[in-house]
Structures are given as structure tokens and as C-alpha cells.
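Hi,

Here is the structure I promised to pass on. Have a look at it first, and then read on for what turned up.

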Amino acid sequence: AELRPDWSYGQLWLHIARERSGQDGSTDLRGWLQHQDATVWPVPVARMYLGVLSPDQLLRAARHDDARKELEQECEAYYYLSQREQIAGRSAQARRWLDKTIATGVTDFIEYAAAEAELSRWPSR
């Protein structure tokens, strides 16, 4: 994230790593967000993590005129929502978002692979 402060996903993953390890990841994310266009994907994800957008607003922000692009953004949104729930200790809700991530079928995205990896560690339903 320090080497590539312009790379949005690096900022998101750093935030998640910090928050999941019990640290505050919001300060750096907030500072980075000040220099971003709030409408450019995946900036809405950061805004959701900071409480500026609700999950429903994030999902609306994932909409796109191009159906493939919308599906990709939904895949990411679902995954990042799952991480929000994990951070809050709500694993049942996190699992539902992970299942939705997989249901998109966007197998070439890291969020899809990360969702598969997380689900593989959980007991079957």
C-alpha cells in the first residue's frame, strides 16, 4: 500500500488485514479516501468500510451499464461485505456474503478465490 498508494485494492486489503487483526485500519483508509473520486469503483467499498455508505448503497454503487462489469463489481462488493461482517464477528452473515461471491461465477477475480479459501476453512452446513 505504501509502494502503490494509487492502487485502491491495496488500500482495501490493508484495511481488512488491520481490522481483522484487531488494529485500527480506518485512519489510513480515511486519509487515502480524501484523494479519491467517490464514484470510481472500488472507492465505494472504502466508503462503506468507513460508514459513509450502507451495504445497500454499496450494492447500488456496484451497478453498471455493462452486465459483465456489474457482475464483477458485485463479486467484489459481496466479498468486501463478507469481510465487514467478519470484522464485526458476524460469521453467519459473512458466510452468506461469501456464498453470494461464489454464486457470481467470476472465477478470475481474487475476491472469488479468497471467498473459496475462506469457505473451505468453515464446517459444511
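**Helix α1 and what follows**

Just after α1, G22 adopts a positive phi of about 90 degrees. Please keep in mind that this is a predicted model.

Which residues of α1 are buried? They are S8, Y9, G10, Q11, L12, H15, I16 and E19. As you know, an α-helix has 3.6 residues a turn, so residues three or four places apart point the same way. The buried residues of α1 pack against α2 (26-33), α3 (43-49), α5 (67-87) and α7.

**A glutamine in α5**

Do take a look at Q83, which sits in helix α5. Is Q83 buried or exposed? Its relative accessible area is 1%, and buried means under 20%, so Q83 counts as buried. Leaving aside neighbours within four places in sequence, Q83 is in contact with I16, R20, Y49 and E118. Of these, I16 is also one of the buried residues of α1.

**α5 against α6**

Next come the helix pairs. α5 and α6 pack with their axes 8 Å apart, at an angle of about 165 degrees. Angles over 145 degrees count as roughly antiparallel, and α5 and α6 are therefore roughly antiparallel to each other. Their crossing is left-handed. On the α5 side the contact is made by C75, Y78, Y79, L81, S82, E85 and Q86, which meet S91, Q93, A94, W97, L98, K100 and T101 in α6. By class, the residues of this contact divide into seven nonpolar, five polar and two charged.

**α6 against α7**

α6 (residues 91-103) also packs with α7 (residues 110-120), here at an angle of about 130 degrees and with the axes 9 Å apart. How do these two helices lie to each other? α6 and α7 are oblique, and the crossing of α6 and α7 is left-handed. R95, L98, D99, T101 and I102 from α6 meet E111, Y112, A115, E116, E118 and L119 from α7. This contact of α6 with α7 has five nonpolar, one polar and five charged residues.

Best wishes

Conventions: Residues are numbered from 1 along each chain as its sequence is written. This is a predicted model: local features need pLDDT of at least 70, side-chain atom pairs count only at pLDDT 80 or more; totals for chains, interfaces and linings use all residues. Side-chain values use heavy atoms; hydrogens and water are left out. Axes are lines fitted to C-alpha atoms, for helices over the stretch in contact, and angles run from 0 to 180 degrees between N-to-C directions. Helices (H or I, at least four residues) and strands (E, at least two) are DSSP runs, numbered from the N terminus. Angles under 35 degrees count as roughly parallel, over 145 as roughly antiparallel, 65 to 115 as roughly perpendicular and the rest as oblique. A crossing is left-handed if the near helix is turned anticlockwise from the far one by less than a right angle, and right-handed if clockwise. Contact means heavy atoms within 4.5 Å. Ala, Val, Leu, Ile, Met, Phe, Trp, Tyr, Cys and Pro count as nonpolar, Asp, Glu, Lys and Arg as charged, and the others, Gly among them, as polar. Buried means under 20% relative accessible area, exposed over 50%, partly exposed in between (1.4 Å probe, protein chains only).
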